[in-house]
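Hi,

Here is the structure you asked about, with my notes below it. Have a look at it first, and then read on.

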Amino acid sequence: MKILIVDDSSTMRRIIINTLSRIGYTDVVEGDNGKSGLERLGQGGVEMIITDWNMPEMDGLEFVKTVRGQNPVIPILMVTTNAAKEDIVEALQAGVNNYVVKPFTPETLKEKIESLLG
Amino acid sequence: MDQSEIDALLAGGAKSPKQPEPSAPAKDPVIAPPAVTVAPHSEPQADGSGHVISELDTVTAVTERESNKVMDQLDQIGQLVNRQQRLVTEIMSNEGAQAPGVQKAILEVMSASKEIQDKVFEAMDLMQFQDITRQKLERILHHLRQIHDYIVDLLGTGLKSDTQRPSISHTIAQTGTTPDENKAHADAVIEAFKTQKKG
């Protein structure tokens with residue numbers, strides 16, 4: 001399964017990639033903002049998206065809305081520092097399937113991914 | 001206070017432009033103290049220094065780069081532990097290592113290796129603090145830029161700060177560094193949203 005990770009922090013992308021590899025997902029592509037995420041998505045083969053919210057150029061919310069305009073079914077997990085109730089609701093309304101607040105444990109990421117794919 | 005003084009303040013450490021000029025030029029221009037110069041507007045200096053916003057940007061870039069170096073080291077430790085585990089597994093199958101005492105010692109080594117591996121993973125996960133700290137700095141930068149732009153508006157001079165910044169969290173002050181501290185709250189909101197949607 002190919003997973004697209006979109007986050008402007010290279011440290012965070014590495015942490016997510018590392019966690020994914022520990023739970024058996026090693027086919028990963030990366031983007032450092034919404035725009036580059038859309039480019040990677042356009043190259044095809046992506047079956048799931050993990051995206052940050054706060055990014056330059058195109059933020060995660062705009063990215064999710066754009067993706068949903070093209071693909072209403074691909075699972076999207078938002079991983080962000082935004083923890084306010086209204087933020088979570090806004091993301092869900094935009095089309096994310098699940099939501100993780102940073103900092104997270106690998107167990108949480110695993111649980112969320114499995115619930116999306118289950 | 002005029003715009004050049006505000007910019008000098010934001011530049012951090014630059015002296016006020018209103019300081020009196022020396023009464024006579026220095027005799028030796030080579031050892032003369034440098035003339036006091038103040039950034040004429042809000043753009044960062046070419047070398048990335050001397051401006052509080054660009055300096056904070058530099059701080060976040062450096063911490064990200066250094067965090068990646070720590071991650072590299074942790075990766076290497078993980079690989080070394082993997083190699084150690086492979087070697088110990090090979091030793092275990094040797095005829096000479098079948099004595100109960102040796103087998104017990106090998107199992108203890110394997111258990112310690114596993115603990116090291118777990119600690120390496122834990123340390124990697126803890127590096128999330130770097131991204132959270134970076135976003136907190138972004139929030140501070142946002143406020144500084146708002147103050148700067150407000151003063152520019154007020155005085156009608158100078159340039160506003162550049163606009164190409166990451167979007168920022170509204171609630172970063174409540175975001176700590178303890179993993180999963182907001183999990184229960186987020187899950188409850190998701191559950192309520194899904195229930196409402198179904199209903």
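In this predicted model, the biggest contributor to the lining of the second largest pocket is α3(B), with 5 residues. A pocket here is an open set of points on a 1 Å grid over the protein atoms alone, with protein on both sides within 12 Å along at least five of seven lines, and lining residues have an atom within 4 Å of a point. Helices (H or I, at least four residues) and strands (E, at least two) are DSSP runs, numbered from the N terminus. The pocket has a volume of about 270 Å³, a volume being the space filled by probe spheres set on the grid points, which are joined across faces, edges and corners. Of its 14 lining residues, Arg22(A), Pro106(A), Glu107(A), Glu122(B) and Asp125(B) are the closest to the centre. Two or more residues each come from α1 (10-22) and α5 of chain A and from α3 of chain B. By type, the lining has 6 nonpolar, 2 polar and 6 charged residues; Ala, Val, Leu, Ile, Met, Phe, Trp, Tyr, Cys and Pro count as nonpolar, Asp, Glu, Lys and Arg as charged, and the others, Gly among them, as polar.

The search of the whole structure turned up 2 cavities of 30 Å³ or more, a cavity being a set of grid points where a 1.4 Å probe fits but cannot get out. The elements giving two or more residues to it are β5 and α5 (106-117) of chain A, plus α5 (183-198) of chain B. That lining divides into 4 nonpolar, 2 polar and 4 charged residues.

Now to the sheet in chain A. Its 5 strands form an open, parallel sheet in the order β2-β1-β3-β4-β5. β2 (28-31) and β5 (98-101) of chain A are at the edges with a single partner strand each, so one side of each has no neighbour in the sheet. From one strand to the next, the twist averages 20°, with axes taken as lines fitted to C-alpha atoms (for helices over the stretch in contact) and angles running from 0 to 180 degrees between N-to-C directions. β1 (residues 2-6) of chain A pairs with β2(A) over 4 bridges, where pairing needs at least two bridges found by DSSP. In one of these, Leu4(A) has Val29(A) as its partner.

Most residues other than glycine have a negative phi, and most peptide bonds are trans. Lys102(A) and Pro103(A) are joined by a cis peptide bond, with omega about -5°, and Pro103(A) lies in the loop between β5 and α5 of chain A. Glu57(A), not a glycine, has a positive phi of about 65°; Glu57(A) is in the loop between β3 (46-51) and α3 (60-70) of chain A.

How confident is the predictor, on the pLDDT scale from 0 to 100? Chain A has a mean of 95, with 100% of its residues at 70 or more. Chain B averages 75, and 66% of its residues score at least 70. Within chain B, helix α1 (residues 3-11) has the lowest mean of the elements (49) and helix α3 (residues 100-126) the highest (93). Over residues 13-50 of chain B the pLDDT is below 50. Where pLDDT is low, the predicted coordinates should not be read in detail.For reading the numbers, residues count from 1 along each chain as its sequence is written, and chains are lettered from A and ligands numbered from 1 in the order written. Local features need pLDDT of at least 70 and side-chain atom pairs 80 or more, while totals for chains, interfaces and linings use all residues; side-chain values use heavy atoms, without hydrogens and water.

Best wishes

How values were computed
Contact = heavy atoms within 4.5 Å.
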